[in-house]
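User: Hi! I'd like to go through some helix geometry with you. Could you bring up the model?

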Amino acid sequence: MNFDIDKLQKKLCELMCAEVTIKPRNEKLLVVETPFYFADGDIYQIYIREMSGGILRLTDMGHTMIHLSYENDIDKFKKGTRGNILNQIKAETSVEEDNGEFFIDTPLEHIAFNIFRLGQALTKIVDVTFLNRARAESTFYEDLREQLLKIVPEDKITEEYFCTEIEQAKDYPIDYKIDGKDAPLFLFGIPGKDKAQLTTIVIERLLRGKVNFDSLLIFADQTLIPRNALARLSNVGGEMVSLDAFDDLSRKIYRKIPSNESNSGSSSFGNTN
């Protein structure tokens with residue numbers, strides 16, 4: 001390597017310092033401008049507030065959660081898989097949270113390191129929102145359950161149902177069973193290829209056992225299922241719908257169940273035949 005390392009480090013420090021500036025916001029607050037940005041181009045909001053004992057608080061003043069709330073249900077960040085991920089991020093980066101405000105208390109000599117650490121934490125927190133777009137298997141089932149409970153009361157749903165009309169029923173689990181108008185409605189959540197193949201096996205087993213049922217296949221993303229696996233599943237299964245298509249999911253469920261089994265209320269889907 002032909003680089004002069006000392007010269008390179010000096011130049012790097014100059015460039016990085018140029019990317020981070022501090023400006024007064026008011027008498028008690030400084031604004032730290034960094035090269036950290038949200039996907040929509042808004043800059044991360046990082047402030048410095050003087051605390052007692054010479055400690056400085058680096059804080060986002062709650063702005064990150066407010067920004068995420070524009071396109072996300074931030075209540076989801078407090079529970080389930082997303083909540084676990086958020087807690088893991090805070091533990092890894094030593095970032096604390098108070099009612100949606102993320103902050104690090106730091107002595108002056110460590111402020112540069114902690115500015116980048118807070119920026120790293122906020123980036124990871126923002127990335128949690130991608131679980132809404134590329135839904136991981138674990139969050140898919142959480143989201144599926146949440147959507148179902150908006151459509152059908154919890155006491156009308158049997159989770160992890162085993163149809164005792166077939167032999168070795170424990171080997172053929174059904175995600176949800178709801179009493180239907182003419183036959184029980186079996187719902188299968190399908191986040192990926194493996195579940196698609198398992199669902200095909202379960203439905204084939206039910207058909208061989210001559211069980212009277214309707215089925216609804218709810219996909220995270222149907223385009224991710226290999227063509228052959230999807231063809232086999234569609235040959236045996238009933239209607240299909242994407243979890244993101246809530247109105248279509250509601251309509252297809254309401255068609256199959258008695259009106260007193262639903263949360264339809266005044267919904268236009270409630271009387272759909």
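Predicted model: local features only at pLDDT ≥ 70, side-chain atom pairs only at ≥ 80, totals over all residues.

User: At roughly what angle do the axes of helix α3 and helix α4 cross?

Analyst: Residues are numbered from 1 along each chain as its sequence is written, and side-chain values use heavy atoms, with hydrogens and water left out. Helix α3 spans residues 80–93 and helix α4 residues 111–127; helices are DSSP runs of H or I, at least four residues, numbered from the N terminus. Their axes (lines fitted to C-alpha atoms over the stretch in contact, with angles from 0 to 180 degrees between N-to-C directions) come within 10 Å and cross at roughly 165 degrees.

User: Are α3 and α4 roughly parallel or roughly antiparallel?

Analyst: Angles under 35 degrees count as roughly parallel and those over 145 as roughly antiparallel. The crossing angle therefore makes α3 and α4 roughly antiparallel.

User: Which residues of α7 does α6 meet?

Analyst: Contact means heavy atoms within 4.5 Å. From α6, the residues involved include Ile 203 and Leu 207. Their partners in α7 are Ala 229, Arg 232, Leu 233 and Val 236.

User: At the start of α1, which residue's backbone nitrogen does a side-chain oxygen of Asp 4 reach?

Analyst: Helix α1 covers residues 5–19. At its start, the side-chain oxygen of Asp 4 comes to within 3.1 Å of a backbone nitrogen, the one belonging to Asp 6.

Methods: Helix = DSSP H or I, 4+ residues; strand = E, 2+ residues; numbered from the N terminus. Parallel < 35°, antiparallel > 145°, perpendicular 65-115°, else oblique. Expected span 1.5 Å × (residues − 1). Polar contact = N/O pair within 3.5 Å; in protein donor to acceptor, adjacent residues only side chain to side chain.
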